[in-house]
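Colleague: I have a model open here and would like to go through it with you. Could you put it on the screen?

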Amino acid sequence: MMKITEIAEGIHYVGVNDRSKHKFENLWPLPYGVSYNAYLITDEKNVLVDTADAAYTDRLLDHITEIIGDGTIDYLVINHMEPDHSASIQFIRQKYPHMTIVGNTKTLEMVKGYYGIDDNTLCVKNGDTLALGKRSLTFYLTPMVHWPETMMTYCNETGTLFSGDAFGCFGTLDGGIKDTQLNTSKYWDEMYRYYSNIVGKYGSAVQTALKKLACIDIKTICSTHGPVWEQEVSRVIDIYDRLSRYESEPGVVIAYGSMYGHTEQMAEEIARELAANGIKNIVMHNVSHDDPSYILQSIFRYRGLIIGSPTYSNRLYPEVDMLTQMIATRDIKNRIFGYFGSFSWAGAAVKHLAAFGESMKWETLPCCVEMKQGLTPEIKERCRALGCEMASRMKE
C-alpha cells in the first residue's frame, strides 16, 4: 500500500506546512496558512526537487530520512530561488555534501549570491534531460513566472510536472496531499488570490510558458504551494490560462475610500442601481477595511471596476492611491472602468482617477460623478446613471 505522501511510484512528497506565518512575503494574509512543497524522486539517482523555508529545515530533513534512511541525495533540482523554497539549500548541502545542485544560469548565480555556493553544480538549458535510471527529467525554462530564473521539471515516464510557483495557491495541506485526498473548495479562491498578487504582473510570461508546455502530457502537477493536482489538472491550467490573458467574468467591483461615510453613500447608490439592472456579481470593497490582496483578487476576476475616492490633500485618498498603484504594477488589461469622488472645498480625486483610467488604456465610462460635501437628489441620480451605464456594458 502506498503511503499518502507517495504521489506516484518513486515520487514522494516531503514538504511542510506553515500555520504560523501571518502574511506571505510579509504582505498577503494567510487565513489558511501555506505549504512549502518539496519532492523526492527515488531511483538509481535520488533527486530532491526544491527545498523549504529555513525555519522548517529539520522537518524537511526528517521527511527525507523517512524515505531514504541513511541513503544519499545525488541531485537537488531548483525550480525557483525565492527563499521560501531555497533557504534550506545550505543546510541540505551540509548533510549531503556530494549532492549536485541543478539549475539554469540565473539559478546558479542566485545560489552563489544568496548562499555562497558555487561548486558541484550542473547548469541546464531549456529542453535538457537528466537520466536517473528508470526515470528521466526534462527541464523547461519559464522565466518571469514569476522570477527570472524560474523553470519547471518534467518526469517523462510518469507525466509529472514539478512546476515551481506556477499553478500554486495559498493554504496548508491538512492531511491529504493530492486533490483526490482533499476537500479542495478552499483552494480555488486562494488560487485566484495567489495568482493576482504573486504572479499577476507576468501574464505574457505565463502564456509563453503554457505554449512551451503544450507539447507534453501532464498527468500530475506538483507545485511548490498547495495541493498536488491530479484530478483537476485541466481546471488548474485553464485558470492560469484565463487569468494570464486577463479574461474576466461578468461582474462589477466597487472599491472605495470614505473618511466620514459620504463617498460610501455614493458607492451604495451605484451598487443598488447595478442590482436593479440585473447585475448579481457585485463585490464592494472598503479600501480602509479590506486587505488589498482580496481587492486585487476581485479585480482579476470581474470585468467591471468602479473606484471611488474622497479628495485628500489635493490627491486621492491614500489607500485608494495605493490600490491604483498596485493595479498599474500588475498591468491588468481589458477592464471597463467607472469612477466617482467627493470633496469638501476643492476637488481633485476625480481628476486623478480619470488620469489613472486613461493610463491603463481601459474603456472608461463617460458618466463620472463628483460630489461636493453631502449627497443630494441630483448626485443620487448621477450615481444611478453610472451604475446603469456599467450594467448595460456588462450585458453586452
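What follows is a conversation about the sheets, the domains and some single residues.

Colleague: What kind of model is this, and how are residues numbered?

Modeller: This is a predicted model, in which local features need pLDDT of at least 70 and side-chain atom pairs count only at pLDDT 80 or more, whereas totals for chains, interfaces and linings use all residues. Residues are numbered from 1 along each chain as its sequence is written, and side-chain values use heavy atoms, with hydrogens and water left out.

Colleague: Okay, domains then. What does the domain assignment give?

Modeller: The assignment gives domain 1 as 6–245 and domain 2 as 249–391, with bounds that come from an automatic or database domain assignment. Taken over C-alpha atoms, the centres of domain 1 and domain 2 are 38 Å apart.

Colleague: How many residues of each are in contact?

Modeller: On the domain 1 side 14 residues are in contact with 13 residues of domain 2, where contact means heavy atoms within 4.5 Å. Together the two domains bury about 1200 Å², 50% of it on carbon and sulfur atoms; buried area here is the accessible area (1.4 Å probe) that two parts lose on being put together, summed over both. In domain 1, Y192, S196 and K201 lose the most area to domain 2, together 36% of what that side buries.

Colleague: Which salt bridge goes with that, and how many polar contacts are there?

Modeller: Between domain 1 and domain 2 the count is 1 salt bridge, a term used for a side-chain nitrogen of Lys or Arg within 4 Å of a carboxyl oxygen of Asp or Glu. R301 forms a salt bridge with D189, with the closest N and O atoms 3.2 Å apart.

Colleague: Which elements supply the domain 1 side?

Modeller: β5 (28–29) and α5 (185–199) each supply at least two residues of the side of domain 1 that touches domain 2, and the largest share, 6 residues, comes from α5. Helices (H or I, at least four residues) and strands (E, at least two) are DSSP runs, numbered from the N terminus.

Colleague: Switching to sheets. What is the order of the 7 strands?

Modeller: The open sheet of 7 strands has the order β1-β2-β7-β8-β9-β10-β11, with mixed pairing, and two strands pair if DSSP finds at least two bridges between them. β1 (6–8) and β11 (121–123) stand at the edges with a single partner strand each, so one side of each is left without a neighbour in the sheet. Neighbouring strands of this sheet are turned by 25° against each other on average, direction ignored; the axes are lines fitted to C-alpha atoms, for helices over the stretch in contact, and angles run from 0 to 180 degrees between N-to-C directions.

Colleague: How do β10 and β11 pair, and which helix lies across them?

Modeller: Strand β10 (residues 100–103) pairs with β11 in the parallel sense over 3 bridges, and G103 stands opposite C123 in β11. Helix α4 (residues 105–115) lies across β10 and β11, running at about 130° to β10.

Colleague: And the sheet of 5 strands, what is its order?

Modeller: That open sheet has the order β12-β13-β14-β15-β16, again with mixed pairing. β13 (residues 136–141) and β14 (residues 151–155) run antiparallel and are joined by 5 bridges, with T153 in β14 as the bridge partner of F139.

Colleague: What about the loop between β13 and β14?

Modeller: H146 lies in that loop, and a cis peptide bond joins V145 and H146, with omega about 10°.
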